[in-house]
Amino acid sequence: MSETWLYPTILLCFYGFFSSLRPSEPFLTAFLMGPDKNLTEKEVVNKIYPVWTYSYLVLLFPVFLATDYLRYKAVIILQGASFIVTYVMLVQAQGVLCMQILEFFYGLATAAEIAYYSYIYSVVESARYQQVTGYCRSITLVGSAVGSLTGQVLVSTAQIRLLYLNIVTLVCMIVAFLAPWFLPVASRSLFFHQLPGRPGKEARVEQAPAVPLGELYRTEQEDPESKEPLNPKSCPLPDGEAEASRAGGKSVSEVLRTVWRDFLQCYSSQTLLCWSVWWALSTCGYYQVINYAQALWERVLPSQDFEIYNGYVETISTLLGAAAAFGVGYVKIPWAAWGELALCSFSVVIAVAVYLMDTVRNVWVCYTSYIVFRATYMLLITIATYQIAVNLSMERYALVFGVNTFIALALQTVLTVIVVDSSGLGLDIFAQFLIYASYFAVIAVIFLLAGIYRKLVRCRRRPQCQAESAETESDCARDTETGEDVIKHLSVHGVQSTETGYVSEKH
């Protein structure tokens with residue numbers, strides 16, 4: 001295998017699989033509230049879990065800059081080390097403070113995921129982008145599903161203690177930690193390090209095509225707003241920055257100016273803005289639900305008294321979500337025309353699922369609703385991914401998704417401070433989920449109003465467009481007649497006309 005892209009891809013897939021292989025993950029809340037840690041629900045839900053949200057938010061942007069400056073590999077190693085520290089503390093440490101420190105390291109590991117998903121674009125040619133992205137993302141889903149299933153089988157059949165599940169997870173993290181050391185160091189990055197001779201941003205965009213899968217959603221009925229150009233050449237780099245780029249490096253201030261310029265240009269597209277708003281709002285609620293779902297299940301069916309099946313639920317929801325994400329690529333719908341109403345409808349489904357989890361105090365209803373919730377979200381986030389990425393280069397793809405995630409985390413932090421944190425309202429878990437269901441209902445209302453507004457605007461534009469079309473056809477007819485006269489004139493004088501010389505196009 002002489003192809004240079006294969007070696008780093010195999011190492012990344014190896015790392016992604018084992019770092020996602022966490023048999024203890026579906027039983028984390030039960031473990032913390034069980035005899036090994038002996039923490040109360042209030043301590044776990046209101047004091048420990050919120051630290052992850054705060055850490056993730058605070059660390060996301062610095063880690064993003066460090067990832068680009070250090071050229072990925074060092075940050076991937078840092079992520080592996082953070083996972084190891086997290087699970088060593090989970091096995092050994094005791095008390096609320098230690099668990100809060102643990103959540104900080106887990107937040108660092110989560111923020112460093114950007115290095116894992118962006119490294120490959122710096123070491124393989126652009127023709128392989130879609131292929132290796134599919135490999136890296138799919139293998140993490142497989143690892144997560146295998147880990148959840150393994151944990152449930154060990155708990156249900158072997159009656160293994162939850163402590164030992166955490167030890168197995170720690171071993172998987174140590175195995176994963178070996179892979180990034182052998183990754184080749186990237187010779188370039190998106191902002192700080194560019195190859196000499198590359199004329200700044202424009203060359204980077206040319207080598208990073210839009211995601212082809214997004215073409216599945218291009219139809220003749222699409223709104224022209226979805227075609228708004230995001231051409232980086234319309235905002236060229238200043239001479240100083242272009243010169244620094246050709247020299248192979250940039251200062252932090254230059255990078256920040258470039259990021260800000262790209263940010264303004266990307267979000268000038270109304271279609272991209274619409275899908276990004278849904279991304280940020282729904283991801284905020286999604287994080288809240290998956291973070292605290294185990295605490296809800298623990299209240300409905302205490303693990304100390306009954307056998308729980310969290311692992312099966314996580315496995316099924318992950319696989320169904322992956323199947324939904326895969327299948328949506330074969331469905332052709334004019335999302336530009338029906339996007340807002342589709343987002344409204346599916347947001348209603350999510351809101352109902354969360355509401356049922358909260359009000360029907362039956363663990364099987366909770367499990368089923370959770371599966372519907374996750375599968376629906378993963379379906380929609382895949383559609384949003386395609387819609388956002390279809391007109392973006394790979395750099396802007398990463399920037400927009402990073403900004404959307406940051407906004408989601410900022411909203412989640414506000415929600416956590418007010419609803420969850422003991423310094424805020426510190427609500428009971430059932431009251432929290434009622435708020436989360438209401439939150440998704442509000443999202444549905446927002447996109448219902450946006451969809452109605454879009455339809456009204458289209459109805460008003462239609463007569464004007466028809467009038468313009470009729471006028472254009474009339475002009476074209478006159479041009480055709482003029483062309484025929486010219487051809488006759490040339491024929492009289494013995495001049496041969498070409499077939500393509502007088503073709504008129506209709507709008």
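**Salt bridges and aromatic contacts**

Four salt bridges are counted. The model is a predicted one. Side chains of opposite charge can pair when their charged atoms come close.

One of the bridges joins Arg161 to Asp36, with the closest N and O atoms 2.6 Å apart. The partners come from distant parts of the chain, 125 residues apart. Arg161 sits in the loop between helix 7 (129–157) and helix 8 (162–178). Asp36 sits in the loop between helix 2 (28–32) and helix 3 (41–70).

Pro35 occupies the loop between helix 2 and helix 3. Pro35 is exposed, at 67% relative accessibility. In sequence, Pro35 and Gln304 are 269 residues apart. In space, their C-alpha atoms are 9.0 Å apart.

Arg299 takes part in a salt bridge with Glu41, at 3.2 Å from N to O. Arg299 belongs to helix 12 (residues 270–300) and Glu41 to helix 3, so this bridge ties together parts 258 residues apart in sequence. Arg299 is partly exposed, at 35% relative accessibility. Glu41 has a relative accessible area of 18% and is buried, because the cut-off is under 20%.

Arg299 also meets Asp428 in a salt bridge, here at 2.8 Å from N to O. Asp428 lies in the loop between helix 16 (394–420) and helix 17 (429–492), so the bridge from helix 12 ties together parts that are 129 residues apart in sequence. Asp428 is partly exposed, with a relative accessible area of 35%. Through shared partners, salt bridges join Glu41, Arg299 and Asp428 into one network.

Trp52 is in helix 3 and Tyr287 in helix 12, so the pair ties together parts 235 residues apart in sequence. Trp52 is buried, with a relative accessible area of 7%. Tyr287 is buried as well, at 17%.

The rings of Trp364 and Tyr367 have centres 5.8 Å apart and planes at 80 degrees, so this pair is edge-to-face. Both residues lie in helix 15 (residues 363–389). Trp364 and Tyr367 are three residues apart there, a separation of about one helical turn. Trp364 is exposed, with a relative accessible area of 53%. Tyr367, by contrast, is buried at 3% relative accessibility.

One aromatic cluster is formed by Trp52, Tyr56, Trp278, Tyr286, Tyr287, Phe373, Tyr377, Tyr439 and Phe440.

How values were computed: Residues numbered from 1 in each chain as written. Predicted model: local features only at pLDDT ≥ 70, side-chain atom pairs only at ≥ 80, totals over all residues. Heavy atoms only, no water. Salt bridge = Lys/Arg side-chain N within 4 Å of Asp/Glu carboxyl O. Helix = DSSP H or I, 4+ residues; strand = E, 2+ residues; numbered from the N terminus. Buried < 20%, exposed > 50% of the residue type's maximum accessible area, 1.4 Å probe, protein only. Phe/Tyr/Trp six-rings, centres within 6.5 Å; stacked < 30°, edge-to-face > 60°.
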